[in-house]
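Subject: Structure for your review

Dear colleague,

Please find the structure below, handed over for your own work.

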Protein chains: 4
Amino acid sequence: MVGYAFMGAAHSQAWRNAARFFDLPLRPELTVLCGRSEDAVRAAADTHGWSDWETDWRRLVARDDIDVVDICTPGDSHAEIALAALAAGKHVLCEKPLANTTEEARVMTAAADEASRSGQRSMVGFNYRRVPALALARQLIADGRLGTVHQVRAQYLQDWIVDPAFPLVWRLQAERAGSGALGDLAAHSIDLAQYLTGQHIVGVSGLLETIVPERPLPEASSGLSASGGTGRGAVTVDDAALFTARFEGGAIGVFEATRFATGHKNAMRIEVSGSQGSLAFDCESLNELSFHDRGEDPQTAGFRRILVTEPTHPYMSAWWPPGHLIGYEHSFTHQVKDFVEAIATGAEPRPSFADGLQVQRVLAAVTDSAAADSVWTAVSDCD
Amino acid sequence: MVGYAFMGAAHSQAWRNAARFFDLPLRPELTVLCGRSEDAVRAAADTHGWSDWETDWRRLVARDDIDVVDICTPGDSHAEIALAALAAGKHVLCEKPLANTTEEARVMTAAADEASRSGQRSMVGFNYRRVPALALARQLIADGRLGTVHQVRAQYLQDWIVDPAFPLVWRLQAERAGSGALGDLAAHSIDLAQYLTGQHIVGVSGLLETIVPERPLPEASSGLSASGGTGRGAVTVDDAALFTARFEGGAIGVFEATRFATGHKNAMRIEVSGSQGSLAFDCESLNELSFHDRGEDPQTAGFRRILVTEPTHPYMSAWWPPGHLIGYEHSFTHQVKDFVEAIATGAEPRPSFADGLQVQRVLAAVTDSAAADSVWTAVSDCD
Amino acid sequence: MVGYAFMGAAHSQAWRNAARFFDLPLRPELTVLCGRSEDAVRAAADTHGWSDWETDWRRLVARDDIDVVDICTPGDSHAEIALAALAAGKHVLCEKPLANTTEEARVMTAAADEASRSGQRSMVGFNYRRVPALALARQLIADGRLGTVHQVRAQYLQDWIVDPAFPLVWRLQAERAGSGALGDLAAHSIDLAQYLTGQHIVGVSGLLETIVPERPLPEASSGLSASGGTGRGAVTVDDAALFTARFEGGAIGVFEATRFATGHKNAMRIEVSGSQGSLAFDCESLNELSFHDRGEDPQTAGFRRILVTEPTHPYMSAWWPPGHLIGYEHSFTHQVKDFVEAIATGAEPRPSFADGLQVQRVLAAVTDSAAADSVWTAVSDCD
Amino acid sequence: MVGYAFMGAAHSQAWRNAARFFDLPLRPELTVLCGRSEDAVRAAADTHGWSDWETDWRRLVARDDIDVVDICTPGDSHAEIALAALAAGKHVLCEKPLANTTEEARVMTAAADEASRSGQRSMVGFNYRRVPALALARQLIADGRLGTVHQVRAQYLQDWIVDPAFPLVWRLQAERAGSGALGDLAAHSIDLAQYLTGQHIVGVSGLLETIVPERPLPEASSGLSASGGTGRGAVTVDDAALFTARFEGGAIGVFEATRFATGHKNAMRIEVSGSQGSLAFDCESLNELSFHDRGEDPQTAGFRRILVTEPTHPYMSAWWPPGHLIGYEHSFTHQVKDFVEAIATGAEPRPSFADGLQVQRVLAAVTDSAAADSVWTAVSDCD
């Protein structure tokens, strides 16, 4: 595994635990953790349960004693590491977004397709697909319980930068992060919307807004810089991203991703309405799915609050008795389970690099539309 | 009062009850009800408590024994009736939308401004402003409790035409209704968004969609037409309207209005996020306002569910003890109270015809944008 | 009508409006309002729409121009007025509780039974039965949708006397009010529990608690009394009442009524669990009923939030389109509708005085049990 | 660790993970797992990450290479194992209930007190105390945010035996399980109520009910028994337990624990009302705490939904960013953390065996009261 921050901790937990709860055909071994600082990576390897460590991902990729490379670094290094890992014959699990640009994503997808022929599996980490409530939502839609999908409404609401005194961290700089709320948050909503409906987004109209255009530099904010002239810098990503969309099957959608929804910490919400029913999910009620079946007798019809903790619900037979909730991190354990099974069986895991590329294309179309007075912009399907 | 369908019943109830609960400077008398069918209007006058009836609104307007004309007809007759009533020296309360076109609304506004000089009061019936929870929301924002408003998100979700067999009623025909979900539902959201923030919308990017483009004619659906060829007709209004918006003070907004949100009957929801706090309202929890104050200690911060039934809350001292809920119709009683007080005191009531015109301008801009590939479209401020 | 405080206003509203929304066989006329103070009753009659007024209920009862007497006074005068009205040949609607003692209630019930033979109708004002969501709940249970009822849990939570400085008003004095939270709040829960399940409560174990045993006298609290010695008095009713219960059909129940549930204004909640399903209601979501059907596929089972605003729901065809909420006061309008229909058709209206008596018996059993170390106490069925 | 069913899996997970997320003074090693069947325990040790296994807990207790014994067996073996482990000089973590009888619990508590003098730590597994929302609730009450506690209302609602065809498993047999919903579910509510308020329960009035008194024997239900005569057996524990209670500080409480609340899987709810505020928790919203502060301006007062995921909230700095939920199992990880810290520092961990004994005394008083016509029964404080 490369990288050991927030995502690294979540992924380590998943690799350690998956075989404790699921009966896997292969048992993962946590062999090498890779990070740039020797002291830090050694300590992290010890904390998270990795046997060895490296400070250069190139050495990691070259080792014979590993079969899988899990990439948890920021998006600007995904392409280079993933391509090297694939070239070295490894299976690759790559955190989202697949890359910072559509071009990188395209090259990675081509490499993954090529490697697939020699049995290498590749997967991108849109973990929300493996929240049981959302996996159940997909099953219900695939089973036709919603009929024809007409509409999607998705919100991803955070508020961690509402304070204008919050410093100009790397996530607010385009050269490092690619984009802001769009790539960080809306990427999840886009992948989920396409996954749940089974339809690609084919066109968008976007609006990107930087609400606080200038912020104190991190040094300035921590009091380490005395010079007034260098104390502030421009925010070069979006604070909020709004867009409307059309799906290939005819549905329409409305999306909002923002870091300025005061009071909301991580409210990822999505609702799908179809000719026969509706589904709604809110990440702050992670173990619940709301379902309306239009076929019900109107006298007793209503949105049902399904507590997705029954043993027949996706992934749940591995966990606790009905009514006992699981957390955010379990989605990563489920991701490991499915990836390991795909490696063992040779099935193609999803979301594939191609799925990641498709999200990247939608993000690019939103950016292009926003830069062109929100004019309708097709999502390119040949890069 | 002209018209006595759904809105007529609600308005009659309000005129009958306002002086029973509020100490009004003038006591309304329900003098004449007007409708086209003599038998029907006579029965309705009796049911709703009107002393007399007319079948021609021109005769109504000409009567000396009335001071106020309340217009509850469909939008295509608003302009003609309102202009005549103003010309006859009456005060005018006009249901929303003010008119079916911006041009009509402009003429009506000019007439109302003119009449105002001779003491005639005019008002448009955006009744949601007078739901106590929303009136409280406006107070909190006006008091600065949200700081600078950054974002608005508004949804108006209904589902009464999801069934493709639902007939082609007049609300689905552009020549009668003007537009569909846009004018009928989004009009409320737009007025509220502008009212709550105290800011006009200055530009939009819109998408209008007709999900079921053809429906059985009402005759056909009721089995009265045997001819296959004439049994169906084109839906000429939008089933769903999506748009993004910018406000004059810098806020951005995202709006959805739809008649295809399966399972939602009348879910009018609006949330406003600012630099110091957030507010959220859902019409299905009519007596509640959700409020997040960013100044709270993070240890115990959270959205508060304010039950808006305290005697200090807007309009509530007239009603029941704390914790006893009021209904949708009470907003009309509050509307009558405020209109009567404005007539007595000579204050200018709001929402004024100018407010109604401003909503019309936004609707027109959304329509124009949707017809031009969603390109950003300014809201005209000089018609 | 006798009495014109909170309940008087609600009842007047109901008498004025019932025939405006429901097609009644008889049209109510608001003839005489009765109260002790001439100035006040004259003003109230004007405000609430009564043609005439009296200051002595005996004169009211003796008048020939009235057919119905509606009793909205405190409980200690119910028996005397009701008996006189019945003796005078009037139909009687009496607010809850039917009386302050079981003995009074027994006499009233006998008189009502006697009067019934000459066609006089009597009814007690447990208005919650006519909240549409609760009327629907009764229908579902009567239709067998819950199977055998196993359990009832009921809470009635208020907080208006949490402050120890709140004065010793008459509701806190046993000689005036009979009891405290028990008679005022639990009476509603008991009637509802018996109505919904269709079963009488046959035994209880109770605990009554006076949390703040002494309070400032009203004079003292308003600063009019300077003498320290007479400034405070004993609270002689319960602040909170807890009890367990058994129903005649085998179900068990747990009840809480309190005026010390800080933060709750009027949270009347009741849940019924049966062998085939469950229902839950919360007065703060007045237009909703929560329903779980055990027959559903576990994969998508869950409590449904039924928005009780469909035209097929009890009483709702008279009101607004689906999704538009009604308020607390509408239950009184429905009460008038049903009472007027019973008068016209000769059917026996419910809740009858006998139903009111049964509630009184349960209250008495709780009081007796609480006074006897909570020992199990049968509800007497022959007084 | 002894035992490896549901609780064994949860505890193993906790022992494996605690040091991965918390900086512990000692690092747990998973040395020996003990179970009766050799094949099964060997497999379980492998699955859950234990180095070795035993089939006799006496051998386990005698081993020199272990310092801590974690008891996850059914309640009827707790006393014997715990006493032996304490005698062998081990620290002991024992699942709840501490024992099946008050007498056993008393002996265990005495042994734990004795062992404490030689530095051995003992703790009982009321894990809900370590759900962050409940730990925060305790902090707020201890900080005086609720003022004087007046009332507690607690519900523990399950529905797994509503079906009368569900077989007579050991949990429904008194000789094995001690009691039913009372000991299994209400034990949690009692411990929490005492923990949150900081007050012992001193008296109760109870009602126990066996709703389905006879069930198919497990063999019969699985078709293995052909003899009709032996196919059914008596349920000898309570299906539902209701009781009222008084606390030493003057508060009163109402408790319900049931396995017949159709539609509820594991709804453990508790609400505490005090003179200055209220708190409410529902296990189905595990990461939330509802808080009402009576000191707030009534204009904007209301229950706040605190999302207990801030780094300043109890235990949460170890986990994910704000807004990312944790699950039921994390309470066990927190339990291990606190137990390990207590071992390292020599502090007395809570809940102690004495806390477990106190719960047992309350359970016994409820049982005694229920057997004596619900008469008020003091909770013994000298066994």
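**Helix packing**

In this predicted model, helix H1 (residues 6-21) of chain B and helix H1 (residues 6-21) of chain C have axes that come within 12 Å and cross at roughly 180 degrees. Axes here are lines fitted to C-alpha atoms, for helices over the stretch in contact, and angles run from 0 to 180 degrees between N-to-C directions. Helices (H or I, at least four residues) and strands (E, at least two) are DSSP runs, numbered from the N terminus. H1(B) is therefore roughly antiparallel to H1(C); angles over 145 degrees count as roughly antiparallel, under 35 as roughly parallel, 65 to 115 as roughly perpendicular and the rest as oblique. On the side of H1(B), the contact (heavy atoms within 4.5 Å) is made by Gln13(B), Arg16(B), Asn17(B), Arg20(B) and Phe21(B), and on the side of H1(C) by Gln13(C), Arg16(C), Asn17(C), Arg20(C) and Phe21(C). By class, two of these residues are nonpolar, four polar and four charged. For these classes, Ala, Val, Leu, Ile, Met, Phe, Trp, Tyr, Cys and Pro count as nonpolar, Asp, Glu, Lys and Arg as charged, and the others, Gly among them, as polar.

Within chain A, helix H4 (residues 78-87) and helix H5 (residues 102-116) pack at an angle of about 15 degrees, their axes being 10 Å apart. H4(A) and H5(A) are therefore roughly parallel to each other. His78(A), Ala79(A), Ala82(A), Leu83(A) and Leu86(A) of H4(A) meet Glu104(A), Val107(A), Met108(A), Ala111(A), Ala112(A) and Ala115(A) of H5(A). This contact comprises nine nonpolar residues, one polar and one charged.

A further pair in chain A is formed by helix H6 (residues 132-142) and helix H8 (residues 181-197), whose axes come within 8 Å and cross at roughly 40 degrees. H6(A) contributes Leu134(A), Ala135(A), Ala137(A), Arg138(A) and Ile141(A), while H8(A) contributes Leu192(A), Tyr195(A), Leu196(A) and Thr197(A). Seven residues of this contact are nonpolar, one is polar and one is charged.

**Chain interfaces and salt bridges**

Between chain A and chain B, 42 residues of chain A are in contact with 42 residues of chain B. The two chains bury about 3300 Å² between them, 59% of it on carbon and sulfur atoms; buried area is the accessible area (1.4 Å probe) that two parts lose on being put together, summed over both. Four salt bridges are found across this interface, a salt bridge being a side-chain nitrogen of Lys or Arg within 4 Å of a carboxyl oxygen of Asp or Glu. Arg246(A) and Glu209(B) meet in a salt bridge at 2.7 Å, N to O.

For chain D and chain B, 18 residues of chain D are in contact with 18 residues of chain B. The area buried there is about 1400 Å², of which carbon and sulfur atoms give 42%. Gln299(D), Thr300(D) and Arg304(D) lose the most area in chain D to chain B, together 46% of what that side buries. Two salt bridges cross this interface. Arg304(D) also forms a salt bridge with Glu296(B), with the closest N and O atoms 3.6 Å apart.

Over all chains, the structure holds 124 salt bridges. Within chain A, the side chains of Glu271(A) and Arg153(A) meet in a salt bridge at 3.4 Å, N to O. Glu271(A) lies in strand E12 (residues 267-274) and Arg153(A) in strand E6 (residues 149-157), so the pair ties together parts of chain A that are 118 residues apart in sequence.

**Backbone geometry**

A cis peptide bond joins Arg350(C) and Pro351(C), with omega about 0 degrees. Pro351(C) lies in the loop between helix H10 (330-345) and helix H11 (353-371) of chain C. Lys96(D) and Pro97(D) are likewise joined by a cis peptide bond, with omega about -10 degrees. Pro97(D) is in the loop between strand E4 (91-95) and helix H5 (102-116) of chain D. Ser374(C), although not a glycine, has a positive phi of about 65 degrees.

**Conventions**

Residues are numbered from 1 along each chain as its sequence is written, and chains are lettered from A and ligands numbered from 1 in the order in which they are written. Local features need pLDDT of at least 70, side-chain atom pairs count only at pLDDT 80 or more, and totals for chains, interfaces and linings use all residues, while side-chain values use heavy atoms, with hydrogens and water left out.

Yours sincerely
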